[in-house]
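Try each one on the structure first, then check the worked solution.

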Amino acid sequence: MFWVLLLLLAWAFAGIACTRLCLAAVRAAAGDAEAATAHHEHDLTLYETAFLSGGPARVADVTMVSMARGRRLLLAHTGWATVVDPRGRDEMEQSVIGAIGPEGQSRIAPVRATAAGAEAVRRLADRLVRAGLAVPDGARTTVAAGIRQVRAAALVTLALGLTALLMPAQTGMPRLLVSLWFALPLTLSLSCLAIARVEAYPYTRWASPAGQRLLGALGTRRQAGDGGDEGAFLTSVAVRGIRAIGEPELRAAFTHRDPPWRE
């Protein structure tokens with residue numbers, strides 16, 4: 001009857017993991033529902049659009065692209081950023097200039113990383129979270145951790161079931177019936193993962209369901225040609241990232257990688 005102990009372990013792993021995931025998803029959904037009622041109409045700024053689409057790194061990217069298009073920053077195809085105008089128009093541009101440093105020139109990669117972690121971006125994130133448009137860090141990590149635990153529980157259940165089937169028969173219990181007993185907690189774990197894929201998937205992104213709806217409405221207006229050529233270009237970069245940049249040299253500035261150093 002040792003297989004019964006293995007079955008109890010499988011149920012324990014599956015039950016605990018699925019319960020944690022369900023509780024995390026319910027808490028995240030409740031927070032979104034409370035915040036979404038207060039902000040049905042909210043015109044997203046360029047930086048808000050970038051954050052909801054790709055997080056802090058996207059904010060740094062669109063800031064640097066905007067500065068380059070305005071000839072306040074030179075982005076070379078070799079991967080270097082040079083300050084042309086040291087007076088930033090807003091706190092995001094000031095963060096980029098500060099990340100480049102007093103010499104006025106730096107590699108683009110560290111500038112992007114430093115600007116993405118700047119205080120201005122954190123304040124932007126806090127405002128979006130309070131507005132119910134962005135997912136709090138805790139909710140995002142909790143749901144993602146719950147999904148990982150359910151996946152692990154499914155693998156453990158499968159391993160325990162195989163172990164029980166490979167053990168020498170100690171009772172008259174048919175192996176087919178043993179496998180059916182282990183199929184129950186495995187089905188529970190897989191069903192929970194399937195539901196999480198549909199219901200909890202939006203909470204693993206930067207934008208909450210309310211924020212995603214605003215991004216969808218923004219995409220509709222962009223297709224209608226609202227905002228002008230320059231505004232539409234920057235909005236496209238905010239939504240899609242650097243792959244939306246059509247200028248080869250400007251795109252090369254972000255994608256450039258130094259060859260490995262050799263003696």
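Buried means under 20% relative accessible area, exposed over 50%, and partly exposed in between (1.4 Å probe, protein chains only). This is a predicted model, so to speak: local features need pLDDT of at least 70, side-chain atom pairs count only at pLDDT 80 or more, and totals for chains, interfaces and linings use all residues. Residues are numbered from 1 along each chain as its sequence is written, and side-chain values use heavy atoms, with hydrogens and water left out.

**Exercise 1.** Classify leucine 184 as buried, partly exposed or exposed.

*Solution.* Start with the location: leucine 184 sits in helix α8 (helices are DSSP runs of H or I, at least four residues; strands are runs of E, at least two; both are numbered from the N terminus). Next, take its relative accessibility, 43%. Leucine 184 is therefore partly exposed.

**Exercise 2.** Find out which helix gives the most to the nonpolar patch on the surface.

*Solution.* List the members: Trp11, Met173, Leu176, Leu177, Leu180, Trp181, Leu184 and Leu188, with about 720 Å² of accessible area together. Then look at the helices: α8 (residues 175-199) gives the most, with 6 residues.

**Exercise 3.** Work out whether leucine 215 is buried or exposed, and what it touches beyond four places in sequence.

*Solution.* Leucine 215 belongs to helix α9 (residues 209-223). Its relative accessibility is 19%, so it counts as buried. For contacts (heavy atoms within 4.5 Å), skip the neighbours within four places, and you get Leu44, Thr49, Leu52, Ser53 and Ala207. Serine 53 is 162 residues away from leucine 215 in sequence, yet their C-alpha atoms are 7.9 Å apart.

**Exercise 4.** Say which residues of helix α11 are buried, and what they pack against.

*Solution.* In α11 (residues 248-255), pick out Leu250, Ala253 and Phe254 as buried. They span an arc of only 90 degrees around the axis, so they're on the same side of α11 (the arc is that of the directions from the helix axis to the C-beta atoms). Pro248 and Glu249 are exposed on the other side. Finally, the buried residues pack against α3, β1 and α5 (108-116).

**Exercise 5.** Determine how many residues the largest nonpolar core has.

*Solution.* The answer is 46, and Phe51, Leu52, Met64, Leu73 and Leu75 have the most contacts inside this core (a nonpolar core is a set of buried Ala, Val, Leu, Ile, Met, Phe, Trp, Tyr and Cys residues joined through side-chain atoms within 4.5 Å). Helix α3 gives the most to this core, with 7 residues.

How values were computed
Patch = residues over 30% accessible without salt bridge, like charges linked within 9 Å, V, L, I, M, F, W, Y side chains within 5 Å. Areas by Shrake-Rupley, 256 points an atom, 1.4 Å probe, with all protein chains shown as cover. Salt bridge = Lys/Arg side-chain N within 4 Å of Asp/Glu carboxyl O.
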